[in-house]
Structure formats: structure tokens, C-alpha cells
Amino acid sequence: MRFSAAYIPTLKETPADAEVASHQLMLRAGMIRRLSSGLYIYLPLGLRVVERIGAVVRKHMNAAGFQELLLPMVQPAELWMESGRWDQYGKELLRFKDRGERDCCLGPTHEEVVTDLVRDEVRSYRQLPVRLYQIQTKFRDEIRPRFGLMRAREFVMKDAYSFDLDVEAAERSYRAMYDAYVGVFTELGLRFRAVEADNGSIGGNFSHEFMVIADIGEDVVCHCRDCDYAANLERAEVAFGGAATPDACPPTESVSTPGAHTVEAVSSLLGVPPSRLVKTLVLKADDRPVAVLVRGDREANEAKVKRLLGAVSVELADAATVRAVTGAPMGFAGPVGLDIPVYADNELQAGTDYVTGANAPDAHLRHVHLPRDVRVEAFADLRCLTPEDPCPRCGGPMRLTRGIEVGHVFMLGLKYSESMHMVIQDEAGQERFPVMGCYGIGVSRVAAAAIEQNHDADGILFPPPMAPYAVHLLNLDPRKPDVTEVADRIHDLLEASGRDVLLDDRAERPGVKFKDADLMGAPMQLVVGGKGLAAGIVECKDRRTGVKGELPVGDGFLAAFDAWAGEVEDGWRRHRDAAEGSA
């Protein structure tokens, strides 16, 4: 491809509304353009990246025994009503009526549609397993789209679905997809971790997220330094090895704490460390008020609360609800005397003589002993893991890093086959509900995540498998016939050998071409100029390391290039593996 004939509108300045590196660089490199909030146009360069990622995904999906199909983006409401998600999914589901006044939605995912498809076609265990996937545009009406393709409303996603006779067979499909995902992200050259995860609105029995390690990541990845345990923060278990503390504290005492409605303020006013305070969080679990207790220096984990209660949704109660159930304004709630269910984090069993809110304005209680003073429904793991907590598997030290979720695999169980009454006959002629799994990769998000992980002050550092062009070839003086002749010959020779090449043949200053080449991030750069040709060489540069070299212009060029390209690609793999090992 010749730059002069390509549509690659690069920008010198960073757009003011671009907040993170991937958003800034994709705009500047002429890969995307914003149409509206959370809606982006993929320009030719950006589309090439997405298509390259898609090609790697297809390779591994096909190898895992999944077949590609394409499902409609518009979905009828009755399928979502069958599964129960029409009212549960939330405002991210864009609902509308067609011209026949039928309720519809734009698909954020396709569990209902694929279940409807397969239940009409598959009747016998002999037709299982069924393994299907698609790569398609999805729409989720995010309340706050941001960070470019990282959290867009419309995005490209690979979603796959499996149907098996029983749990054992379903776990084989799950493992096949898990292994395929490891293959996808390894081949793409990304540093990633697979972590235990919460199922969220998809439902099901268990799941894993695939996280690209990056400082800008919205998710926290918790992993052990000594064993292979890893989970996201929502799912990470906190081991409790302590014993319950005997009742050995004085009777409760009310103390005045005017205006002290935060842990820090109460701790300072009463001269006690935050670990001696108990935070009482009033939550709404499916609109039912409950109280959750954690130590003052800890954070409650709403996903764990949701799992404990079997709730569809859990959220902080508003000020009116807090006052109605406690009799106090927010910041002064406490567990003593509450008439709503109270659940406490395991860690609180190991302490006594706590300070809590007094359920009265500007007042707290000293000397609270939970077994004596509070009716606790259950103690459970209800808080977020910290770096000081030991690994729940081996007791080793934990590390917390940030990651970007790019893939998720779910064991759905019977959630959709049962609710949508998809039945098959087993070998004994009995009707059974198939066991399902679903598996997603955010294809467009992978592009952004890769840039977040691989960039420098000058631009993008594309891993070779997803780079829009493998080679950026610069003709430094297109006005000179001898320079142009060599540049054109190298372009044609490399393309004939299977390499994608972008030839910058524009009538621009060399400085502009060098800057654009670094910005766009092709792994390999070749420079053809008069001085080099006079010496019989073409300059080569490894974009990731910046190391430059020389290749002969004559008959030995292609062999020398192939050897050098192999070194560049091997260097990328070593770089990825070393960084992953230290993550």
C-alpha cells in the first residue's frame, strides 16, 4: 500500500477530549474517529488491526471445534422475557419498538438468540455437543462511555456458545475455550492473566476473565507470587484463619461525635485506629434493606454480598432509606438494635471492643462486642482482598496489579436452557436440559488494550501479529528516480513474499515521515535514501527497541531482511514473556 493513495489522516496534536494513551494514539495515528458519544468510525488503518485480531481469534476458535455463524443484532423482546433478563439487564439494554409496535432491543450479547436457534434444531444427545461463535457488532448503552474503544457503546465482539449433555461434557467445552483464549492472547503478543471472576448479569456457575496487564486498567488483578491462584478483586477470596474472640469488653457506651461521619474523622476524634471501627453499610439487595459490617480500614465487596444473598442486584441505600431503617443520617449507622438482617465479614470475629455508629445523629458507641450486642445473620467473606492478605490457596504473598478485561469465559449451567425450556432426549429417552457455556472476547477492546500495554513517547508499539502493516517503508526522496526505483522494488518484493508493507511515498519532509512511522507503530521500519544507496545499504529499525541496522540493497536483500525480521519477532516474544513473568 502506498501512503499517497491511502486514507490515513494522522494528527500532530493530541485531541483535548482523549483521556488515555490508546484513545489519543488511535486518533492521532488515523485509526478511528468519533461520531458521537461512545460511537467510533474505524478508519482503514484501525479496521486492519481489528481484522488481524479477528483472524487470530477465528484460527483458535476453529481449532477448538467451534463453528462460525452470524446472528441478528436486533433481537425480539419476547426471548429476553423468556430468560427473565428483559427487566433485569438494566438501562444498558437499548430497547425500542419496530414499526409494528413490537418490543425489540439491540443485542449486547446473544445467549437468548442462540438458545432459541438451537432448541428448534437439536432434539437428541447424538447432536451434541453444539459449539458456535460469531464476530459481530454489539451495543450496550453505557451510562458513561469513555476512553475511546476501551469503553464504547458500540463495539466488535467475538461471542461463542456451547451446548453439552451434562456438566462433565460442558467442562470439556469450557476447558477447550479456556485453552483457546490462552492461545489467542499469547499469539497476539499480549501480557495477560486468566483470573477467577464474578458472573455478573450473564449468570451461571463459574467463570474466568482474561486480563491484559496495564496501568490504566479499570479492574484489579489479585495473584499469588508462589502459586497459580489469580482472581479479580470482586472474586478474590480472603482467607480467615483466626478464632472468635471471647466476650471480654466493657458494656457499650454512647459518645458524642458531632459532625464525625467518616472513618477518618471518628478515628481522629476518639483516638482509636480505623481497624477498631466497624463500618455499617446499609444496602438494598433486590430492594430489600440489609446491613453489611466490615472493619473500618476495609472495603466491602458488593459482588460477594450479592453471591451470599443470592441477589440479582445490590446497591448502596439512599439517605432516606438509611434514616428509615436506622433513625440516623448517613455516617452514623450502627448494627446494635437494627431490625434488618445484618451480615458481618469474617475478620470481625477475630476482634472485640469495637466502635460503631449509634443510630443517632452525632453519636457513636464504644465497647461493642458483636456476639453479645448484635444479631448477626451470618459471618462470611464480604470484603475486598488487600496486598497484606495471604493467598487463600497456599498462604503465600499476594500481589495486586491493574488489568483490562479483554475476554470472559462463563459456565452458564442450565440458566438459559431451563428458563427457555430447551430440552433434548438422552440415551435413555429422558428429557434433559443441556448444560451451556458462553465465551466472549472484546475484539475492538483488544486493539485498545494492546496499545495501552505497548506504546512509548513517540507512538504505538504494535505486537507483530496485530500490526496493520508489518513494515513501514520510507522513501526519503521520492523526487529522485534511483531512490524511488529501489523503494518500489523493495515494496513489491516484500509484498510478494507475504509481508504487508506501507510505502511512504509522500512529498513530505523526512522528519514528518519518521514521526508518522513511529506514531503508527509498525514493528519494522526500512529507510531508503540517497546516502544509504550510495553506500549500498537500506537502513532498518526495530520500532520497539529503536535499534538500527543495515541491509544490503542487492540480491542478498530478501535473505538479510528475513533474518532480521525473525530477530525482531523473537525479540517481541522474549519481551512479552519476560514482562509476563514479572507481572
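A salt bridge here is a side-chain nitrogen of Lys or Arg within 4 Å of a carboxyl oxygen of Asp or Glu. The structure holds 41 of these salt bridges. This is a predicted model: local features need pLDDT of at least 70, side-chain atom pairs count only at pLDDT 80 or more, and totals for chains, interfaces and linings use all residues. Residues are numbered from 1 along each chain as its sequence is written, and side-chain values use heavy atoms, with hydrogens and water left out.

**View 1. Overall fold of the protein.**
The secondary structure comes to 16 helices and 31 strands. Helices (H or I, at least four residues) and strands (E, at least two) are DSSP runs, numbered from the N terminus. The C-alpha atoms fill a box of roughly 95 × 65 × 50 Å, taken along the principal axes. Of the 583 residues, 52% count as buried. Buried means under 20% relative accessible area, exposed over 50%, and partly exposed in between (1.4 Å probe, protein chains only).

The side chains of Glu82 and Arg119 meet in a salt bridge, at 2.9 Å from N to O. Glu82 lies in helix H3 (residues 77-83) and Arg119 in helix H5 (residues 111-119), so the pair ties together parts that are 37 residues apart in sequence. Glu82 is partly exposed, with a relative accessible area of 33%. Arg119 is buried, at 14%.

**View 2. Salt-bridge network around Glu347.**
Arg295, Asp297, Arg298, Asp345, Glu347, Arg383 and Asp389 are linked in a network of salt bridges. Glu347 forms a salt bridge with Arg295, and the closest N and O atoms are 3.2 Å apart. Glu347 lies in the loop between strand E17 (342-345) and strand E18 (354-357), and Arg295 in strand E15, so this pair ties together parts that are 52 residues apart in sequence. The side chains of Arg383 and Glu347 also meet in a salt bridge, at 3.0 Å from N to O. Arg383 lies in the loop between strand E20 (378-380) and strand E21 (398-413), so its pairing with Glu347 ties together parts that are 36 residues apart in sequence. Glu347 is buried, with a relative accessible area of 15%. Arg295 counts as buried at 18% relative accessibility. Arg383 counts as buried at 3%.

**View 3. Patch of negative charge on the surface.**
Asp286, Asp287, Glu302, Glu315 and Asp318 gather in this patch. Patches are made of residues with over 30% relative accessible area and no salt bridge; like charges are joined within 9 Å, and nonpolar side chains (Val, Leu, Ile, Met, Phe, Trp, Tyr) within 5 Å. Asp286 is found in the loop between strand E14 (278-285) and strand E15 (288-295). Asp286 is partly exposed, with a relative accessible area of 37%.

**View 4. Strand E27 and its partner E28.**
Strand E27 (residues 471-475) is mostly covered, with 5 of its 5 residues buried. Val471, Leu473 and Asn475 are buried on one side, and His472 and Leu474 on the other. 4 bridges join E27 to strand E28 (residues 501-504), and the two run parallel. Strands pair if DSSP finds at least two bridges between them. The bridge partner of Val471 in E28 is Val501.

**View 5. Helix H14 and the residue after it.**
In helix H14 (residues 510-520), the buried residues include Val512, Lys513, Asp516 and Ala517. Asp518, Leu519 and Met520 are buried too. Gly521 follows H14, and its phi is positive, near 80 degrees.

Methods:
Areas by Shrake-Rupley, 256 points an atom, 1.4 Å probe, with all protein chains shown as cover. Lys, Arg positive; Asp, Glu negative; His and termini not counted. Charge placed at Lys NZ, Arg CZ, Asp CG, Glu CD.
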